Amino acid sequence: MSDVLCMYYSRTGNTKKAMLEIAAELGAETVELRDAVERSGWQGWLRCGLDAMKKTTGPLSHYETERPLSEYRLVILGTPVWAGRCSSVMRTFLKEHGGELERVAYVLTRSSENRHQEVWDQMDLYVPGTHRAAASLRSGSVGYDFWKVEFLRQVKEFLVE
Ligand SMILES: Cc1cc2nc3c(=O)[nH]c(=O)nc-3n(C[C@H](O)[C@H](O)[C@H](O)COP(=O)(O)O)c2cc1C
């Protein structure tokens, strides 16, 4: 069993790719979060934007972790940025379980130059402490690998403490 859990939501695969790369480096367990909302196509895009802006939350599809959330050394949460916020799927998870996450780190994926670091602070509002490490990755950008390696360095530093 792994000490590190990587949980993520990904609508179009960018966050999933980043989280699977990170999990492989750390030997971490991975769990994908989903909801039952139709989020494909332009109508789905619009729905995502509205849900993010209105901070709408809804039921998550069933998922399982190997152990209770509080027992992991670190839980890494991965989400796309939607309208300058975390995805509503990740917000639902944070609302329901954030209180159980004593040791947490964040991975955002985004499409703009804006790193949206304020989203890390927004996510911190749902957890008991503050995040131990964080990354904001733009797929295909020159900084992608640099910031991913920097994130892994922060995580490994925390794990040896
Ligand atoms: C509704 C919606 C709103 C978005 N808003 C932002 C934004 O404010 N800033 C940004 O940089 N990217 C924004 N994006 C782009 C996504 O964050 C980016 O493409 C991300 O990597 C997608 O991750 P995924 O493939 O895991 O779903 C938005 C995407 C969607 C669907």
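This talk goes through one protein model, from the overall fold to the central strands, the ligand shell and a few loop residues.

First, the conventions. The model is predicted, so to speak of a local feature I need pLDDT of at least 70, side-chain atom pairs count only at pLDDT 80 or more, and totals for chains, interfaces and linings use all residues. Numbering starts from 1 along each chain, as its sequence is written.

Start with the fold. There are five helices and six strands in the protein. Helices here are DSSP runs of H or I with at least four residues, strands are runs of E with at least two, and both are numbered from the N terminus. Along the sequence the order is β-α-β-α-β-β-α-β-α-β-α. The radius of gyration is 15 Å, close to the 15 Å of the globule rule for 161 residues, so the protein is as compact as a globular protein of that length. That radius is taken over C-alpha atoms, and the rule is 2.2 Å times the number of residues to the power 0.38. Along the principal axes, the C-alpha atoms fill a box of roughly 45 × 35 × 25 Å.

On burial, 34% of the 161 residues are buried. Buried means 20 or more other C-beta atoms within 10 Å of the residue's own, exposed means 12 or fewer, partly exposed is in between, and the C-beta atoms are placed from the backbone. As for contacts, take those between residues at least 6 apart in sequence: 75% of them join residues at least 24 apart. A contact is a pair of C-beta atoms, placed from the backbone, within 7 Å.

Now the middle of the sheet. Which strand has nine of nine residues buried? That is β3, so β3 is largely enclosed by the rest of the structure. Pairing here requires at least two DSSP bridges between two strands. β3 runs parallel to β1 over five bridges, with Cys-6 opposite Ile-76. β3 also pairs in the parallel sense with β5, over six bridges; Val-75 has Val-104 as its bridge partner there, and Leu-77 has Tyr-106. With β4 the sense is antiparallel, over two bridges, and Val-81 is partnered by Cys-86.

Next, β5. Seven of its seven residues are buried. In a regular strand the side chains alternate between the two faces of the sheet. In β5, Val-104, Tyr-106, Leu-108 and Arg-110 point one way, and Ala-105, Val-107 and Thr-109 point the other way. β5 is also joined to β6, residues 133–138, by six bridges in the parallel sense, and Tyr-106 stands opposite Ala-134.

The core follows from these strands. The largest nonpolar core has 41 residues, and Cys-6, Val-75, Ile-76 and Val-107 touch the most other members. Such a core is a set of buried Ala, Val, Leu, Ile, Met, Phe, Trp, Tyr and Cys residues joined through C-beta atoms within 7 Å. β3 gives the largest share of this core, six residues. Leaving out residues up to four places away in sequence, Ile-76 touches Val-4, Leu-5, Cys-6, Ile-22, Ala-105 and Val-107. Helix α3, residues 88–97, has buried residues too, among them Val-89, Met-90 and Phe-93. Their cover includes β1, α2, β3, β4 and α4.

On to the ligand. Which of the 22 residues around the ligand come nearest? They are Asn-14, Thr-15, Pro-80, Arg-110 and Ser-112. A residue is near a molecule if its C-beta atom, placed from the backbone, lies within 6 Å of it. α1, α2, β3 and β5 each supply at least two residues of this shell. By class, the shell has six nonpolar, 13 polar and three charged residues. Nonpolar covers Ala, Val, Leu, Ile, Met, Phe, Trp, Tyr, Cys and Pro; charged covers Asp, Glu, Lys and Arg; the others, Gly among them, are polar.

Last, the loops. Most residues other than glycine have a negative phi. Ala-83, in the turn of the β3–β4 hairpin, has a positive phi of about 50°. Ala-83 is partly exposed, with 13 other C-beta atoms within 10 Å. His-116 also has a positive phi, near 55°, and sits in the loop between β5 and α4. Pro-68 lies in the loop between α2 and β3 and is exposed, with 8 C-beta neighbours inside 10 Å.

Methods: Two residues are in contact if their C-beta atoms, placed from the backbone, lie within 7 Å.
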